[in-house]
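Open the model in a viewer and keep the sequence panel beside it. The stops below say what to select next and what is found there.

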Amino acid sequence: MCPDVQAEAVMRDLHCAHARFVWNLAVEQRSWWRPGRGGAPGNAERMRQLAEARATEPWLREGSSSVQQQALRDFDHAMAAFFDPENRAGRPGFRSRRGPQGFVIRDTKVRRLSRKWGEVLVPKCGWVRFRWTRPLPEKPGMARVTLDRAGRWHVSFPGPQPAVQRTPSGTAIGIDRGVRTALVTSDGQHYRAPRISDQDAARYLGLQRRLARQRKGSRKREKTRIAMARITARVTDRRKDWAEKISTRLVRGHHVIVLEKLNTPGMVRRAAPKPDPERLGAYLPNRARAKAGLNRGILASCWGLLSKRLADKGAASGVEIVSVDPRFTSQQCRMCGHTVPENRDSQAFRCVSCGHADHADANAARNILARGLALADGEPVPARARGQAGVRPRKTGKPAAGTTRSAA
Ligand SMILES: [Zn+2]
């Protein structure tokens with residue numbers, strides 16, 4: 001989005017600030033709730049309170065009431081997600097002036113200026129130009145405007161996920177989260193996820209050190225923070241692009257996609273501390289691990305993003321996405337089912353029982369595929385035969401040739 005100076009001021013200082021303020025009030029109100037104290041105010045009650053606040057607070061009245069009301073609805077959605085057992089969303093927390101900002105426009109009006117440019121009507125700002133990068137939903141009901149930490153404005157128009165154009169192949173594929181590359185498929189393909197470049201990592205870590213020395217709230221510190229956010233944004237953009245491309249390619253090519261069940265909180269760990277051999281209980285700086293840490297975080301988020309996009313696109317395109325328990329998939333022999341840690345020697349897999357040799361991650365991906373297919377068919381999985389399950393013809397009835405078994 002390219003707001004002019006005036007529109008940007010209104011969007012940042014009015015809409016974003018009010019949406020944040022209203023959201024934080026809702027969080028605070030909620031935090032007073034204790035068991036046995038009666039319910040926290042519901043949506044209707046809060047809307048009434050908001051109207052009252054607007055009547056008494058002139059600065060709040062200056063803003064758009066629909067932006068403020070939508071912030072309350074956002075909060076309700078966040079609370080619903082928090083209580084949803086299927087959802088991993090955490091408890092909605094306070095929003096900071098320094099975090100990403102945003103607000104929602106309802107009853108969106110959009111007009112097209114050219115092939116690349118469009119305009120959206122923002123309350124109290126008028127028409128604001130934006131880059132038209134993809135087809136919009138027929139009737140954009142609402143638009144979400146966001147200001148990311150790197151200072152870039154975006155507008156998105158939520159709509160249903162369009163189906164991926166595909167020719168049904170009837171094939172199934174298993175995907176393993178690799179150690180070196182981001183993912184390895186059961187047909188032996190490796191896909192690398194974007195990583196932070198050495199140059200960016202060095203700059204980022206330098207900036208991080210500088211930030212630690214700068215006075216809180218100072219202008220220079222803010223500059224450092226923006227420079228850091230720009231680097232992060234660059235990596236985030238490449239990561240999103242990667243997840244979109246890979247998920248489309250996988251959904252286009254396969255009928256069933258089997259993934260590991262994700263355990264996101266366990267995926268990003270802190271760099272292991274490095275004890276100082278000279279002094280007991282002291283630690284050496286482990287900056288060398290810091291870049292690895294950055295990359296680990298990026299890899300983990302690539303995975304989360306990819307599995308989400310696969311789920312979205314799969315559901316829209318009639319592709320079955322199956323999640324399986326990944327335990328021991330890296331130790332289990334695909335041919336005979338023998339499962340011991342000795343089978344695994346870093347990147348190589350060699351079964352100590354039958355001698356089957358394979359790339360370690362590809363072997364794991366094939367195990368994942370077999371488990372997924374067993375699940376999809378609703379059959380109990382005998383422990384011994386798990387490694388043996390091949391590809392059965394899927395609903396299309398086409399033979400699933402060349403999907404799993406490589407000439408090992
Ligand atoms: Zn074996």
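## The whole chain

Among contacts between residues at least 6 apart in sequence, 63% join residues at least 24 apart. The model is a predicted one. Colour it by secondary structure, and the protein comes to 9 helices and 16 strands. Then colour by accessibility: of the 408 residues in the protein, 39% are buried.

## Stop 1: an aromatic cluster

Select Phe130, Trp132 and Phe157, which form one aromatic cluster. A search of the whole structure finds 5 aromatic pairs. One of them is Phe130 with Trp132, a stacked pair with 5.6 Å centre to centre and 25° between the planes. Phe130 and Trp132 are both buried.

Now turn to Phe130 and Phe157. How is this aromatic pair arranged, stacked or tilted? The pair is tilted, with 5.6 Å from centre to centre and 50° between the planes. Phe130 belongs to strand β4 (residues 126–131), while Phe157 is in the loop between β6 (153–156) and β7 (172–177), so the pair ties together parts that are 27 residues apart in sequence. Phe157 is buried, as is Phe130.

## Stop 2: charges over rings

Select Arg95 and Trp23. The charged end of Arg95 sits over the ring of Trp23, at 3.5 Å from the ring centre. Next select Arg131 and Trp117. Here the charged end of Arg131 sits over the ring of Trp117, and the distance to the ring centre is 6.0 Å.

## Stop 3: a buried glutamine

Go to helix α4 (residues 65–83) and select Gln70, which is found in it. Is Gln70 buried or exposed? Gln70 has a relative accessible area of 6%, so it is buried; the cut-off for buried is under 20%. Show the surroundings of Gln70: leaving aside neighbours within four places in sequence, Gln70 is in contact with Val104 and Arg106.

## Stop 4: salt bridges

A search of the whole structure finds 19 salt bridges. Three of these pairs are visited here, among them Arg12 with Asp13.

Select Arg12 and Asp13. In this salt bridge the closest N and O atoms are 3.4 Å apart. Arg12 has 37% relative accessibility and therefore counts as partly exposed. Asp13 is also partly exposed, with a relative accessible area of 48%.

Move to helix α8 (residues 288–317), where Asp312 and Arg309 both lie, 3 residues apart, or about one turn of the helix. They form a salt bridge in which the closest N and O atoms are 2.9 Å apart. Which side of the cut-off does each partner fall on? Asp312, at 26% relative accessibility, counts as partly exposed. Arg309, at 15%, counts as buried, because buried means under 20% relative accessible area.

Asp361 counts as buried, at 2% relative accessibility. Arg344, at 24% relative accessibility, counts as partly exposed.

## Stop 5: the second largest pocket

Switch to a surface view and find the second largest pocket. How much space lies in it? The second largest pocket holds about 610 Å³. To find its centre, select Arg97, Arg98, Glu222, Arg225 and Ile226, which are the closest to that centre of the 24 residues that line the pocket.

Then show helices α1 (5–31) and α6 (219–253), each of which supplies at least two residues of the lining of the second largest pocket. Which element gives the most to this lining? The answer is α6, with 6 residues.

Methods: Residues are numbered from 1 along each chain as its sequence is written. This is a predicted model: local features need pLDDT of at least 70, side-chain atom pairs count only at pLDDT 80 or more; totals for chains, interfaces and linings use all residues. Side-chain values use heavy atoms; hydrogens and water are left out. Rings of Phe, Tyr and Trp (its six-membered ring) pair if their centres lie within 6.5 Å; planes under 30 degrees apart count as stacked, over 60 as edge-to-face and the rest as tilted. Buried means under 20% relative accessible area, exposed over 50%, partly exposed in between (1.4 Å probe, protein chains only). Helices (H or I, at least four residues) and strands (E, at least two) are DSSP runs, numbered from the N terminus. A charge sits over a ring if NZ of Lys or CZ of Arg is within 6 Å of the ring centre and within 35 degrees of the ring normal. Contact means heavy atoms within 4.5 Å. A salt bridge is a side-chain nitrogen of Lys or Arg within 4 Å of a carboxyl oxygen of Asp or Glu. On a 1 Å grid over the protein atoms alone, a cavity is a set of points where a 1.4 Å probe fits but cannot get out, and a pocket is an open set with protein on both sides within 12 Å along at least five of seven lines; lining residues have an atom within 4 Å of a point. Grid points are joined across faces, edges and corners, and a volume is the space filled by probe spheres set on the points.
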